[in-house]
Amino acid sequence: MTGGLGGRLRKAIDWRTRPARWRLRVATSSLRTKPTFLVIGAQKAGTTSLHAYLARHPDVLTATKKEVEYFSRHYARGEAWYLAHFPFGRRRTRAVGEASATTLFHPLAHRWVHAFNPAMKLIVVVRDPVDRAYSHYQMEFRWGRETLPFEEALEREERELGAELERIAADPLTTSPRLLTCSYVARGRYLQQIERWLELFPREQLFVATSEELLQDPADVVARISAFLGIREWRDESYPLCGVREYAPIDPATRERLARTFADDNRRLADFLGRELDWTRPS
């Protein structure tokens, strides 16, 4: 973990030691296209697939990679570093964006995005928060950042997340790998996060889809996002899933406990969206 002024300064200038090609990208950052939309989350809800679908749209330009994470993990690196991830403009380009699924949850990202572009279009994908939490855990465990069993990791989150958020509030430019492994439940409280963004952004700049909609009819979701972004409707030949992994099923007792934990949040989200959610329907 890197924190403090020295760490932030090292991050801010580390592009100077990168290969010449990257230094050229940073040097020409002011000439590069600035994003007009962001896929901000939720993590493990289908953002990888959605990013791939949007990247193939002929009217869309995307960053050089998914998960630039400037507004959630790398803000200290500066705007030139961020813009270096984007290409030069094309005459026909009408939407420019990137997808960093950690952005939605970060407690300060909404302020940083608003300062960057108050007209930014924001796209959110939500998923059954129980499935999302368990998928998130499996990813962290697979990558070696999580070592506890799932149930113990949930208990640790209850103990430690508050202090981690306070640490970020006290030192906004610090990085926090611990935030990823202390937020399995918290990232599934979608409306709490969305409401924070709506403190600065008008509702018409926010698009919310569910992972079920994206799975069942990706062409329709992309068409609706195209309308939201003001670009032409376009249909791809296929919409393959990306980033899908198989793992052992969640313990039924743990699922039931988490379903109760999220019940209130899910009802409030459904009311906010004005539509029933697949995971809130009676079984």
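What covers the buried residues of helix α6 in this predicted model includes α7 (150-170), α8 (178-181), α9 (190-198) and α12 (252-273). Of the 14 residues of α6, 11 are buried, so the helix is largely enclosed by the rest of the structure; among the buried residues are P129, R132, Y134, H136, Y137 and E140. The length of α6 (residues 129-142) also fits expectation, because at 1.5 Å a residue the helix should span 20 Å, and its end C-alpha atoms are 20 Å apart. At the start of α6, the backbone nitrogen of V130 has a side-chain oxygen of D128 within 2.9 Å, while just after the helix G144 adopts a positive phi of about 80 degrees.

Elsewhere, five strands make up an open sheet with parallel pairing, in the order β2-β3-β1-β4-β5. Because β2 (60-62) and β5 (206-210) stand at the edges with a single partner strand each, one side of each is left without a neighbour in the sheet. Neighbouring strands are turned against each other by 25 degrees on average, direction ignored. Between β2 and β3 (residues 95-99), which run parallel, there are three bridges, and T62 stands opposite G97 in β3.

| Helix | Strands touched | Angle to a strand |
|---|---|---|
| α11 (residues 218-229) | β1, β3, β4 and β5 | about 175 degrees with β5 |

Notes: Residues numbered from 1 in each chain as written. Predicted model: local features only at pLDDT ≥ 70, side-chain atom pairs only at ≥ 80, totals over all residues. Heavy atoms only, no water. Helix = DSSP H or I, 4+ residues; strand = E, 2+ residues; numbered from the N terminus. Expected span 1.5 Å × (residues − 1). Buried < 20%, exposed > 50% of the residue type's maximum accessible area, 1.4 Å probe, protein only. Contact = heavy atoms within 4.5 Å. Polar contact = N/O pair within 3.5 Å; in protein donor to acceptor, adjacent residues only side chain to side chain. Pairing = 2+ DSSP bridges. Axes fitted to C-alpha atoms, helices over the stretch in contact; angles between N-to-C directions.
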